[in-house]
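Reader: I would like to learn how to read pockets, cavities and helix packing from a set of coordinates. Please take one feature at a time.

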Amino acid sequence: MQDLRINEKRLWDTLMEMGDIGGTEKGGCNRLAGTDLDKQSRDLFVSWCKACGCNVEVDKIGNIFARRPGKYNDLPAVGTGSHLDTQPTGGKFDGVFGVLSGVEVLRTLHDNNIETPTAMEFSVWTNEEGSRFQPAMQGSGTYVGRFDLETELNKTDVNGIRLGDELERIGYLGEMELGSRNMGAFFEAHIEQGPILEDEKKAIGIVRLGQGIRWYNIEVIGRPSHSGTTPMHLRKDAMLAAASIVTEMNAIALRHENGLGTVGFMQVWPNSRNTIPGNVKFSADLRNPRPDILLTMHEELIAFCEKIAKEHDLDVNIDPFWYFAPVEFNASDDVKAATEKLGYSHMDIYAGAGHDACYMADLVPTGMIFTPCLNGISHNEAEYSSPEECAAGANVLLHTMLEASERIAKEHQ
C-alpha cells in the first residue's frame with residue numbers, strides 16, 4: 001500500500017471532461033444546481049461509479065452516494081465527496097476536484113483489486129454553492145438535520161422555480177432517508193480557494209478549523225421621488241442608507257482579527273436614473289473562525305442598521321437567515337499521517353469558505369485536504385490547480401481513506 005498512487009493523467013482528463021459540461025468561453029464553468037447541466041454532470045459521475053461496481057443511491061434532497069463494498073460491510077464506511085454545481089462564472093476545480101479525486105481513489109482501488117477493511121462511500125452533495133437556491137451547502141445541511149427537508153425542497157430561484165420540482169425533473173429526487181448512511185469518517189479534498197499554500201510553497205493544507213459564517217438578506221425601504229425636485233433634506237434615499245451599511249460591513253470586518261465582510265448581491269427599485277431609490281435589497285456575508293468574535297460582528301451590524309434607520313427616517317429590515325458555526329475537524333490527524341507518509345510538504349490551515357465537510361463534522365469524525373490554486377483565485381473562470389497539485393491531493397485522499405478504514409476496523413475488533 002505504501003507505493004500505491006492514483007493515475008495523475010486520468011484524474012486530469014476526468015476533470016477536463018467534467019469541465020466541458022457547462023464550460024464557458026473563458027475556460028470556466030456555469031453549472032447551477034437543478035439544471036440540465038447539473039443532471040449531465042450527475043449522470044456522468046454515476047456512470048463512472050457504476051463502472052467500478054458501486055451501488056448508487058439518492059436521498060430525499062438529491063444527494064448521491066456510491067458505495068464500494070469492503071471486507072466487513074457491517075462496519076461504518078469511510079466517505080468522501082464534494083459538489084458538482086458551480087458559480088455562474090465558476091471554475092473547473094471548486095468542489096469538482098473533491099468529487100473527482102474521490103472517483104480517482106475509487107478507480108485506483110478497483111484497478112488494483114484492493115479489498116479495503118470497510119466499505120468506501122463516494123458522494124455528490126446538492127447545491128453546495130447556494131447560487132441558484134439559498135442557502136449554500138443545502139444538501140449536506142439538510143442531510144445532517146440542520147435544515148428542514150420540506151422547507152428546503154420548497155425553496156425557489158429568482159424565477160419562482162422550486163428546488164424539489166427541479167430535482168424531480170432531472171431525475172435526482174430520491175427516496176433514501178436523510179442521514180441514513182453508515183459512515184465512520186468523512187474526508188473532502190478541495191482547492192484552497194486562497195493564496196496561503198501557494199505563498200508558503202506547501203503542497204497540502206491540513207484543515208483544522210472551518211470558518212463561521214452569517215448570511216443576511218437586508219431590505220432598506222425609503223421613498224421613491226424625483227431626483228430633480230426633491231431637496232436633499234426631504235429625501236428618504238434607500239440607496240444612501242444601503243451604501244452606509246455596505247461601508248460599515250467593511251469597517252466591521254477590519255475591526256476584528258480574521259474578520260471578513262462582503263456584499264455581493266443588490267437589487268434597486270425602481271432602478272431609474274432620475275428617481276431616488278425607494279427600495280434596496282442586498283446580501284450581507286460576515287465570517288470569522290471564532291464564534292465569539294462572529295457574534296460581536298453580528299451585533300455590531302444589527303446595531304448599525306437600527307442607527308441608520310433612525311438617522312434617515314426609513315425602515316431597514318434584516319433577515320439573518322443562515323448561521324454556520326465554526327467547525328473543528330477532528331479527523332485531521334488521519335490527513336496528517338497520510339501526508340507525512342507520502343512525503344508532501346504541508347501546513348495546518350483553516351477553511352475560509354463553507355464546505356460540505358463542515359456539516360458532516362456534525363455526525364462523524366471529519367477532515368479536509370487543501371491543495372494550492374493559482375494566485376488563490378476561486379469562484380472565477382480563471383481558477384486553476386495544476387495536474388501535479390491535483391494528483392498530490394488525490395494521493396493524500398487515497399491514503400487518508402485507507403488509514404481511516406484500517407483504524408475503524410481495528411476499533412471494532
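Author: Start with the pocket: it is an open set of grid points with protein on both sides within 12 Å along at least five of seven lines. The model here is predicted.

Reader: What volume does the largest pocket have?

Author: The largest pocket has a volume of about 1,500 Å³. Its lining counts 50 residues, and those closest to the centre are Glu129, Gly130, Trp215, Ser283 and Asp285.

Reader: Which strands each supply at least two residues of that lining?

Author: Strands S7 (212-221), S9 (260-262), S12 (279-288) and S13 (315-324) do. Sorted by class, the lining of the largest pocket holds 17 nonpolar, 22 polar and 11 charged residues.

Reader: Which residues lie nearest the centre of the second largest pocket?

Author: They are Glu192, Gly194, Ile196, Tyr350 and Gly352, out of 14 lining residues. The volume of this second largest pocket is about 160 Å³. Its lining has 7 nonpolar, 6 polar and 1 charged residues.

Reader: And how many cavities of 30 Å³ or more does the structure hold?

Author: A cavity differs from a pocket in that a 1.4 Å probe fits but cannot get out. The structure holds 1 cavity of 30 Å³ or more. The largest cavity has a volume of about 40 Å³. Around the largest cavity are Ala33, Asp38, Arg42, Leu84, Asp85, Val124, Trp125, Thr126 and Asn127. By class, that lining divides into 4 nonpolar, 2 polar and 3 charged residues.

Reader: Now the helices. What describes two packed helices?

Author: The angle between their axes and the distance between the axes describe them. Take helix H1 (residues 8-19) with helix H2 (residues 36-51): the angle is about 150 degrees, and the axes are 10 Å apart. Angles over 145 degrees count as roughly antiparallel, so H1 is roughly antiparallel to H2.

Reader: Which residues make that contact between H1 and H2?

Author: Thr14, Glu17 and Met18 come from H1, and Ser41, Leu44, Phe45 and Trp48 come from H2. The class count for the contact of H1 with H2 is 4 nonpolar, 2 polar and 1 charged.

Reader: At what angle do H1 and helix H3 pack?

Author: H1 and helix H3 (residues 96-111) pack at about 135 degrees, and their axes are 10 Å apart. These two helices are therefore oblique to each other. Is the crossing left-handed or right-handed? The crossing of H1 and H3 is right-handed.

Reader: Which residues of H1 and H3 meet?

Author: From H1 there are Arg10, Leu11, Thr14, Leu15 and Met18; from H3 there are Val96, Phe97, Leu100, Ser101, Glu104, Arg107, Thr108 and Asp111. The contact of H1 with H3 sorts into 6 nonpolar, 3 polar and 4 charged residues.

Reader: How should I read the pair H1 and helix H12?

Author: Read the angle and the distance again. The axes of H1 and helix H12 (residues 387-411) come within 9 Å and cross at roughly 105 degrees. Angles of 65 to 115 degrees count as roughly perpendicular, so H1 is roughly perpendicular to H12.

Reader: Which residues make this contact, and how do they divide by class?

Author: Glu8, Leu11, Trp12 and Leu15 of H1 contact Pro387, Glu388, Cys390, Ala391 and Ala394 of H12. The residues in the contact of H1 with H12 divide into 7 nonpolar, no polar and 2 charged.

Terms used:
Residues are numbered from 1 along each chain as its sequence is written. This is a predicted model: local features need pLDDT of at least 70, side-chain atom pairs count only at pLDDT 80 or more; totals for chains, interfaces and linings use all residues. Side-chain values use heavy atoms; hydrogens and water are left out. Axes are lines fitted to C-alpha atoms, for helices over the stretch in contact, and angles run from 0 to 180 degrees between N-to-C directions. Helices (H or I, at least four residues) and strands (E, at least two) are DSSP runs, numbered from the N terminus. Angles under 35 degrees count as roughly parallel, over 145 as roughly antiparallel, 65 to 115 as roughly perpendicular and the rest as oblique. A crossing is left-handed if the near helix is turned anticlockwise from the far one by less than a right angle, and right-handed if clockwise. Contact means heavy atoms within 4.5 Å. Ala, Val, Leu, Ile, Met, Phe, Trp, Tyr, Cys and Pro count as nonpolar, Asp, Glu, Lys and Arg as charged, and the others, Gly among them, as polar. On a 1 Å grid over the protein atoms alone, a cavity is a set of points where a 1.4 Å probe fits but cannot get out, and a pocket is an open set with protein on both sides within 12 Å along at least five of seven lines; lining residues have an atom within 4 Å of a point. Grid points are joined across faces, edges and corners, and a volume is the space filled by probe spheres set on the points.
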